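Have the model open while you read.

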Amino acid sequence: MEKIKVKEIFNNVYSVDFGDGLKRIATKSLVPGKRVYGEKLVYSDSIEYRVWNPNKSKLGAAIINGLKKMPIKKGTKVLYLGASAGTTPSHVADIAENSLVYALEFAPRIMREFIDSCNERKNLIPVLGDANRPQDYSNIVEKVDVIFEDVAQPNQAEILVKNARWFLKENGYAMISIKARSVDVTKNPREIFAEQKKILIEGGFEIVDEINIEPFEKDHMMMVGIWNETKY
Ligand SMILES: C[S@@+](CC[C@H](N)C(=O)[O-])C[C@H]1O[C@@H](n2cnc3c(N)ncnc32)[C@H](O)[C@@H]1O
């Protein structure tokens with residue numbers, strides 16, 4: 001068995017040192033023995049950790065790149081917009097131990113893959129729906145502490161504000177992965193990030209952290225905001 005050093009860097013998020021000088025992170029697996037996307041499983045003090053691949057997860061990339069504010073913790077209720085096949089949602093569900101992660105995806109074929117790979121994760125609730133229409137899933141999703149969004153759509157920021165109005169608790173947090181090329185391929189990414197940020201601020205967020213996730217993803221920015229709708 002590999003000898004590794006594990007250290008908690010955020011609540012329920014760990015750095016894993018294999019002694020090779022590379023920066024790696026991991027989450028404690030809520031479903032030991034089960035891989036979701038072929039990730040490496042490692043052990044320390046009889047605890048199984050899933051190594052989090054930053055090339056396959058923008059949240060993983062943001063943490064590796066030095067994210068300062070990480071609002072998802074043990075006990076956090078999360079609405080995750082853009083679940084895809086469950087790579088990042090599975091790590092988010094590990095972190096939000098003892099709570100629930102509602103994971104929304106609008107493509108039925110991808111949703112089937114997600115259900116296959118994550119059906120043993122009891123705190124990960126698949127929701128089939130369009131993030132533009134929160135009213136359609138308001139009978140399933142309750143008020144949450146954090147909304148995480150990774151939908152790669154031209155109206156990414158508007159989608160977040162819309163969902164926050166329905167589901168985010170006052171002073172709750174949002175994390176959004178902004179993909180510049182999904183908004184406008186012809187514009188400078190920096191201009192797009194500034195425009196998206198303005199939409200978030202005007203919608204009711206105070207931005208408390210922003211981090212570029214290159215080289216893992218080109219022209220992507222992760223923003224973290226705190227929700228204070230009543231201020232606006
Ligand atoms: C970049 S992928 C998400 C990857 C995933 N967050 C991860 O890290 O494992 C974006 C996903 O959002 C979904 N999506 C895009 N627009 C959506 C919408 N309006 N409502 C729900 N899901 C949407 C896409 O089908 C796709 O699976």
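How many helices and strands does the secondary structure of the protein come to? The count is six helices and 12 strands, taken as DSSP runs numbered from the N terminus (helices are H or I, at least four residues; strands are E, at least two). Keep in mind that this is a predicted model: local features need pLDDT of at least 70 and side-chain atom pairs count only at pLDDT 80 or more, while totals for chains, interfaces and linings use all residues. Residues are numbered from 1 along each chain as its sequence is written, and side-chain values use heavy atoms, with hydrogens and water left out.

**Overall shape**

- Along its principal axes, the C-alpha trace spans about 55 × 40 × 35 Å.

**The ligand and its shell**

- The ligand sits in the largest pocket. A pocket here is an open set of points on a 1 Å grid over the protein atoms alone, where a 1.4 Å probe fits, with protein on both sides within 12 Å along at least five of seven lines; "sits in" asks for more than half of the molecule's atoms within 2 Å of its grid points.
- Around the ligand there are 18 residues, with Y80, T88, E105, A131 and Q153 the closest (a heavy atom within 4 Å counts).
- By type, the shell splits into seven nonpolar, seven polar and four charged residues, with Gly among the polar ones.
- Helix α2 (residues 87–95) gives the largest share of that shell, three residues.

- For G82, a polar backbone atom is 2.9 Å from a ligand nitrogen.
- Taken alone, the ligand exposes 610 Å², and the protein buries 87% of that (Shrake-Rupley, 1.4 Å probe).

- The E214 to P215 peptide bond is cis, with omega near 5 degrees; P215 is in the loop between β11 (205–212) and β12 (220–227).
- N98 isn't a glycine, yet its phi is positive at about 70 degrees. You'll find N98 in the loop between α2 and β7 (101–105).

Technical notes: Polar contact = N/O pair within 3.5 Å; in protein donor to acceptor, adjacent residues only side chain to side chain. 1 Å grid on protein atoms, 1.4 Å probe; cavity = no way out; pocket = protein on both sides within 12 Å on 5 of 7 lines; lining within 4 Å.
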